[in-house]
Amino acid sequence: MILILSIMAHVLQRLSPLTLTMTLGVSSAGVLTHVLPSRLPSPRPTVTDSQVPKLFREPYIHSGYRPVHQDWRCYFLSLFQRHNESLNVWTHLLAAPVLLVRCWALVGATGYTLEAASLPLSLFLISSFTYLCLSVLAHLLQSHSEHAHYFFFFMDYVGVAVYQYGCSIAHYFYTSEQTWRERVGLMFLPAAAFLGWLSCAGCCFAKYRYKRPYPMRRKICQLIPTSMAYLVDISPVAHRLLTSPWTGWAGGDSLPYHALQMASFLLCALFFSCPIPERYFPGCCDFVGHGHQIFHVFLSLCTLFQLEALSRDFVRRRDTLVERFGKRQLWWACVSFPLLCVCCVVTALVTMKYMNEKLKTKKQRDK
Ligand SMILES: [Zn+2]
């Protein structure tokens, strides 16, 4: 894991001066200076934690911070700069095309077409790309200002909630067993939607309420609703893993991939909730190897394993799906998914409105 992150960091280090030279328009490769706009701003060099406002400081990360209040374009161009968010951006930015390529291959292999039976798989894919895009934007642009930091991370929480619900829909329709459905019944999707929204609201509230250095209560506010949502979302998968005979693990079945997606998610939870390894090596993991980067890698792997597992389950169920669940349940999924997206976006925007007032009051007090 650290090796992969190191290679990515090395590539970025090589790219950084090249990009800066190109953006300044003083490249010796004259052709490039004609092609690229010569007035693109150049991102300022990174600074230490004491040179950025408290809000942007990460525990045990001492350097590699981008200065605040630069031109917006500098933050977009910082994609090719070496800073302490670089690998947070690239881990999810590269996961998106990998997911796309894998989707493309599966479309060919499974004969996927847009129909009622493939709707849950489509919602899962939309939710995956949504969380990857919002995460990339959050880590790339949050350093612009306090407003930007809050806004983009609220949107990042929207992405996580949408992804959770996308997974729940796919697990319910493709992976759940009859015996599990008899117990949980029709309550599963409404409960998953509510907990998805609650995890978004809990994360937004915790970010609004607590200031850095963040107390433990903030993590609790984030982790309790998110963990509850995950436990509900994964319950059809866990049930199938626990009740399937060992013979079901062979012959191209989805079970090994479901086991891998659960193992990846447990590692995600570990690296998200604990600042390791940087806690034990303060200042040494500023660019490569801090816990959030490892969390991103495992989350991307979790999504890829889910896609592998769900595409196999989709092939197994596609012919009987409508008959088994009925069109009404598929319609519910189709309607509830955008509804949840809207509820989460509204929650994030309302929290942002209160945050703006809080920031305005703070600014007036500081004058
Ligand atoms: Zn992140």
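Me: In which helix is the place of H139?
Reply: This is a predicted model, in which local features need pLDDT of at least 70 and side-chain atom pairs count only at pLDDT 80 or more, while totals for chains, interfaces and linings use all residues. Residues are numbered from 1 along each chain as its sequence is written, and side-chain values use heavy atoms, with hydrogens and water left out. Helices are DSSP runs of H or I with at least four residues, strands are E runs of at least two, and both are numbered from the N terminus. The place of H139 is in helix 5.

Me: Which residues are the protein donors of the zinc ion?
Reply: Donors are N, O and S atoms within 2.8 Å of the metal (3.2 Å for Na, K and Ca), and since water is not among the atoms, the site may look incomplete. Along the chain, the donors of the zinc ion follow the spacing H-x152-H-x3-H. Each contributes its NE2 atom, 2.1 to 2.2 Å from the zinc ion, and the residues are H139, H292 and H296.

Me: How many residues apart in sequence are the parts that H139 and H292 tie together?
Reply: Both residues are donors of the zinc ion. H139 lies in helix 5 (residues 119–141), whereas H292 lies in helix 11 (residues 291–317), so the pair ties together parts whose separation in sequence is 153 residues.

Me: Does H139 count as buried or exposed?
Reply: Buried means under 20% relative accessible area and exposed over 50%, with partly exposed in between (1.4 Å probe, protein chains only). H292, at 25% relative accessibility, counts as partly exposed. H139 has 3% relative accessibility and therefore counts as buried.

Me: What is the largest C-alpha distance among the residues of the UniProt "binding site"?
Reply: The unreviewed UniProt entry places this feature at H139, H292 and H296. Although these residues are spread over 158 residues of sequence, they cluster in space, with a largest C-alpha distance of 11.3 Å. UniProt positions are in the numbering used here, feature names are shortened, and annotations may be inferred rather than shown by experiment. The distance asked for is 11.3 Å.

Me: How far apart are the end C-alpha atoms of residues 150–174?
Reply: The protein chain has 12 helices and 0 strands, and the unreviewed UniProt entry annotates "transmembrane region" at several spans, including 87–107 and 150–174. Residues 87–107 are 100% helix, with end C-alpha atoms 30 Å apart. The span 150–174 is also 100% helix, and its end C-alpha atoms are separated by 36 Å.

Me: Which residues does S254 touch, not counting those up to four places away in sequence?
Reply: S254 lies in the loop between helix 9 and helix 10 (255–273) and, at 1% relative accessibility, counts as buried. Taking contact as heavy atoms within 4.5 Å, S254 touches R240, A309, R312 and D313.

Me: Which residues form a nonpolar patch on the surface?
Reply: I224, one of its members, is in helix 9 (residues 216–243) and counts as partly exposed at 47% relative accessibility. Patch residues have over 30% relative accessible area and no salt bridge, with like charges joined within 9 Å and nonpolar side chains (Val, Leu, Ile, Met, Phe, Trp, Tyr) within 5 Å; a salt bridge is a side-chain nitrogen of Lys or Arg within 4 Å of a carboxyl oxygen of Asp or Glu. Areas come from the Shrake-Rupley method with a 1.4 Å probe, and for residues only the protein chains shown count as cover. Together exposing about 390 Å² of accessible area, the residues are M216, I220, I224 and M228.
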